[in-house]
Amino acid sequence: MQESPVAPAAGFEDIVRPHLEYLYALAVRLCGNRAAAEDLVQDMLLRAFRGFPRLRNRERPRLWLTRVLTCAYYDRLRVTHREEAVSLPQNEEFDLFDTVVEEDPFPYSDRVHLDFLELFDDAKVIEVLQHLHPSHRTALILAYVYGFKTREIAEITNKSVGTVLAWLFRGRKRLERELWEYANRNKLLTPPQEARV
Amino acid sequence: MINCREAVSRLWAYLDRHLGQEQERELEDHLGLCRHCCGELEFAKQVRDLLKRPGRTTEILPESRAKLEAYLKGLGEKL
């Protein structure tokens, strides 16, 4: 991810303010709701403020702020035991592309895969993401929403590149299953027998 | 030649340019002959793009912005 360097003499406020909207949006995607996101951003601002005097490299403020926010997010999960509550899934065999073809939820469509994905607006996508393991969710969001490279995500999460690659692999497979299950659970798919009536 | 199952397992890594040269070549050879996996590849791109679907859910509300900016200003003044 390319970043514009900040002036060497820039203060804490000057460095953080341009990223406030980004930090809030990232927090909503991680936490799944606005209230928790606002609390998380406030918490990370205090942490960033405390760590600011020790920050030597000010060329990548977004990466630094993302690391602080991610760290605060993980600490919250540890406190609420949510990380343990969501089991870390092993390799998934589920294939969404094939499932949509086999189940055929849109029998009169010649673009069933696009029809399926169009069931999900931004709010639903964020809801689906909450069903993923927090590590998988974090990796997918940082990589595919914000364009961080794998080595940057490794730096942000303080894990190895191999671990991040495994999170991305498992997270993608899990995401496919969760999209399908969410659509079924919320009755977004019209049963073929009803559509034919 | 790799089979469809192996090809599908490599698609996202292929899109992310995480495959090694040999793995990439094997996948591209397979894609050159398999329409099903070409469809899977296109779908993988669409699912990836779904994650950044635009909308208002992540927009900061004026009251939240005001609260966070005030908090940030308060911190800045402590320096």
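A residue counts as buried under 20% relative accessible area, exposed over 50% and partly exposed in between, with a 1.4 Å probe and protein chains only. At 63% relative accessibility, B:Arg56 is therefore exposed. The model is predicted: local features need pLDDT of at least 70, side-chain atom pairs count only at pLDDT 80 or more, and totals for chains, interfaces and linings use all residues. Residues are numbered from 1 along each chain as its sequence is written, chains are lettered from A and ligands numbered from 1 in the order in which they are written, and side-chain values use heavy atoms, leaving out hydrogens and water.

**B:Arg56**

B:Arg56 sits in the loop between helix H3 (35-50) and helix H4 (62-78) of chain B. Its contacts (heavy atoms within 4.5 Å) include A:Arg34 and A:Asp122, with residues up to four places away in sequence not counted.

**Chain A overall**

Chain A has 12 helices and zero strands. Both are DSSP runs numbered from the N terminus: helices are H or I with at least four residues, strands are E with at least two. Of the 197 residues in chain A, 52% are buried. Among contacts in chain A with a separation of 6 or more, 73% join residues 24 or more positions apart. The accessible surface of chain A is about 9,500 Å², and carbon and sulfur atoms account for 49% of that. Such areas come from the Shrake-Rupley method with a 1.4 Å probe.

**A helix pair in chain A**

Two packed helices are described by the angle between their axes and the distance between the axes. In chain A, the axes of H10 (residues 150-157) and H11 (residues 161-185) come within 8 Å and cross at roughly 105°. Axes are lines fitted to C-alpha atoms over the stretch in contact, and angles run from 0 to 180 degrees between N-to-C directions. Roughly perpendicular covers 65 to 115 degrees, so H10(A) and H11(A) are roughly perpendicular to each other. From H10(A), A:Thr150, A:Arg151, A:Ile153, A:Ala154 and A:Thr157 meet A:Val161, A:Val164, A:Leu165, A:Trp167 and A:Leu168 of H11(A). By class, this contact has seven nonpolar, two polar and one charged residues.

**Cysteines in chain B**

A disulfide is a pair of cysteine sulfur atoms within 2.5 Å. Over all chains, the count is zero. B:Cys4 is in no disulfide. The sulfur of B:Cys34 is too far from its closest cysteine sulfur for a bond.

Technical notes. Parallel < 35°, antiparallel > 145°, perpendicular 65-115°, else oblique. Nonpolar A, V, L, I, M, F, W, Y, C, P; charged D, E, K, R; others polar.
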